[in-house]
There are 2 protein chains.
Amino acid sequence: MKDMITNLPSYEDMLAAHERIKPYIHRTPVLTSSYLNELTGAELFFKCENFQKAGAFKVRGASNAVFGLTDEMAEKGVATHSSGNHALSLSYAAGRRGIPCHVVMPRTAPQAKKDAVRGYGGIITECEPSTTSREAVFAEVQAETGAEFVHPYNDPRVIAGQGTCSKELMEQTDGLDAVIAPIGGGGMVSGTCLTLSTLAPEVEIYAAEPEQADDAYRSFKAGHIIADDAPHTIADGLKVPLKENTWHFVSNHVTDILTTSEDEIVAAMKLTWQRMKIIMEASCAPPLAAILKNPDVFRGKRVGVIITGGNVDLDKLPWVVGY
Amino acid sequence: MKDMITNLPSYEDMLAAHERIKPYIHRTPVLTSSYLNELTGAELFFKCENFQKAGAFKVRGASNAVFGLTDEMAEKGVATHSSGNHALSLSYAAGRRGIPCHVVMPRTAPQAKKDAVRGYGGIITECEPSTTSREAVFAEVQAETGAEFVHPYNDPRVIAGQGTCSKELMEQTDGLDAVIAPIGGGGMVSGTCLTLSTLAPEVEIYAAEPEQADDAYRSFKAGHIIADDAPHTIADGLKVPLKENTWHFVSNHVTDILTTSEDEIVAAMKLTWQRMKIIMEASCAPPLAAILKNPDVFRGKRVGVIITGGNVDLDKLPWVVGY
């Protein structure tokens, strides 16, 4: 498998990314909750990327890609397909550099996310809500514009950027036993693996995934990538499949992948809102849901929990409108 | 007026309060939002007491009162009447000391607040939603128990405790031109006046109030306390009237009181949720609403904004269920 990969980011790439993107990102706070510590029996450290620029960790990878371009490459702009936060983040980063950003986005994506992409100056072309349609429409857009493709998670520049999150987390805490992050395409989990496998190899890395979009879980158990087309889950940022670069990190460095039901995801989301007074997306909730569901795995441990984003349509909360 | 007051807290009382309560409170973070800075033309520093223990700044004053009691006084417990967060906070503080806390609370208070008070071990007696009823029922409870009365805002121990918030805010920022806080009974505003009039007398102090519960505004303009019985506003923590101690601070140290409509309050609340990804109560929203409504007052200034609490019934959000 490794022989097929020529394009993996290194630990030094991650360090360079952190220097490159620092002017454009927040060093987000790490919050704790004595209530949730008592409830779980673990000591939880929430890395709040919901407070990140553009409302999600994805601005790390997007900024690294945008600001790493030569002027000549940058001129034609950047392009991507995304279920939301990467689109937003790439639009933000492109705006900061003053270059165009083309976004192919499912027509079913939350209106709040479409509005936010346009608010950051992104140019949207809509596709059907399936991986197949998304890739076809994207090919057209890229052919027309010549823009530099920045894949939402498989791009090594993006993975290196996401790795800066767990670098900060380790700097902000006094040692951890484990880190847990949600997994969709695996960009954040891969960045976490990239950083921790060098910086703190003793730290266990867990990924949490919706049962209803459990392709990473099944891939992990099978030993090869399994992809679903258009799975259905409230955690809309986690529908996409692993790709070769993220599969490399997940298969080599992840301790386990834990899955949670839709009800468990919504309950963990609402609990976090109620007790921590922070707004996080449904896509951020599987880690806490997994900790609550598997207390024996985490009890007595110091656990970093990556809250990946906070871009929610407040008029369509799942416990109000259903899911 | 001053001659009538024998019981005002001093700056030294505030400093002593901060030492006394430190083990029981969070030093809450100060957050910023480049979006809201651009929108308002001011530089805003949000002191996030929504992340405070028990979900509100009121735990500062309550803890100061509870932990300042002699063992003999503490034995019979504490008692109060409150529209919510003081009840919660006093129950929390009493629980930490291991003494009973009796709470008289309007039967119309949000169920989430009643549940939370009971969750912290508070003993609730319900009254009608008017100041008159509340005071009558409270007199009975106090006569029965002999518990020490801790008024939600007029108590000098409470005012001294609330003053610790702006002490931290000044330590966490590099100088401010103004501070703005919501005003109901005036506990937070009085604590802010107590602290800043000595620590940073150049800082302007603004209070923000719902138009539909504008008794502090009318008092300020008239030069004497005007009280309403049972005003109606979504900002349910701001319905109570000023009392002699808070009137002293408000009348002597506040620069101005600004009022906002219910629509402006809900819009500012939702905007904060959307852009800052934090959960704050409707009662916290008048300051941002007032800044948006009066841009000329705040433009170009460094403004501390006190986010007073985050205890919200997530099943009854005003933009979903109406208000």
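This briefing describes strands, a loop residue, domains and a chain contact in one structure.

The structure is a predicted model, in which local features need pLDDT of at least 70 and side-chain atom pairs count only at pLDDT 80 or more, while totals for chains, interfaces and linings use all residues. Residues are numbered from 1 along each chain as its sequence is written, and chains are lettered from A and ligands numbered from 1 in the order in which they are written. Helices (H or I, at least four residues) and strands (E, at least two) are DSSP runs, numbered from the N terminus.

**Strand S4 of chain B**

- Strand S4 (residues 101-106) of chain B has six of its six residues buried, so the strand is largely enclosed by the rest of the structure. A residue is buried if 20 or more other C-beta atoms lie within 10 Å of its own, exposed if 12 or fewer, and partly exposed in between, with C-beta atoms placed from the backbone.
- In a regular strand the side chains alternate between the two faces of the sheet.
- On one side of S4(B) stand B:Cys101, B:Val103 and B:Met105, and on the other B:His102, B:Val104 and B:Pro106; both faces are covered.
- Strand S3 (residues 78-81) of chain B runs parallel to S4(B) and is joined to S4(B) by four bridges; B:Ala79 has B:His102 as its bridge partner. Two strands pair if DSSP finds at least two bridges between them.
- Strand S5 (residues 123-127) of chain B is also parallel to S4(B), with five bridges, and B:Cys127 in S5(B) is the bridge partner of B:Pro106.
- A right-handed β-α-β unit is made by S4(B), helix H6 (residues 111-119) of chain B and S5(B). A crossover is right-handed if, with the strands pointing away from the viewer, the path from the first strand over the helix to the second runs clockwise.

**Strand S7 of chain B and its sheet**

- Five of the five residues of strand S7 (residues 178-182) of chain B are buried, and the strand is mostly covered.
- B:Ala178, B:Ile180 and B:Pro182 point one way from S7(B), whereas B:Val179 and B:Ala181 point the other way.
- S7(B) pairs in the parallel sense with strand S8 (residues 204-210) of chain B over five bridges, and B:Val179 stands opposite B:Ile205.
- S7(B) also pairs in the parallel sense with strand S10 (residues 302-307) of chain B, here over three bridges; B:Ile180 has B:Val305 as its bridge partner.
- S7(B), helix H9 (residues 187-199) of chain B and S8(B) form a right-handed β-α-β unit.
- The order S1-S2-S10-S7-S8-S9 (chain B) describes an open sheet of six strands with mixed pairing. Strand S1 (30-31) and strand S9 (256-260) of chain B stand at the edges, each with a single partner strand, so one side of each is left without a neighbour in the sheet.
- H9(B) packs on this sheet, touching S7, S8 and S10 of chain B, and its direction makes about 160° with that of S7(B). Axes are lines fitted to C-alpha atoms, for helices over the stretch in contact, and angles run from 0 to 180 degrees between N-to-C directions.

**The loop residue A:Gly186**

- A:Gly186 lies in the loop between strand S7 (178-182) and helix H9 (187-199) of chain A.
- A:Gly186 counts as buried because it has 33 C-beta neighbours inside 10 Å.
- Beyond its neighbours within four places in sequence, A:Gly186 is in contact with residues including A:Tyr153, A:Leu242 and A:Phe249. Two residues are in contact if their C-beta atoms, placed from the backbone, lie within 7 Å.
- A:Asn154 is 32 residues from A:Gly186 along the chain, and their C-alpha atoms are separated by 7.9 Å.

**Domains of chain A**

- The domain assignment, which is automatic or from a database, gives chain A domain 1 (2-57 + 155-321) and domain 2 (59-149).
- The centres of the two domains of chain A, taken over C-alpha atoms, are separated by 22 Å.
- Domain 1 of chain A gives 31 residues to the contact and domain 2 of chain A gives 27 residues.

**Contact between the chains**

- Chain A and chain B each give 15 residues to the contact.
- Helix H12 (262-276) and helix H15 (318-321) of chain A each supply at least two residues of the side of chain A that touches chain B; H12(A) gives the most, with three residues.
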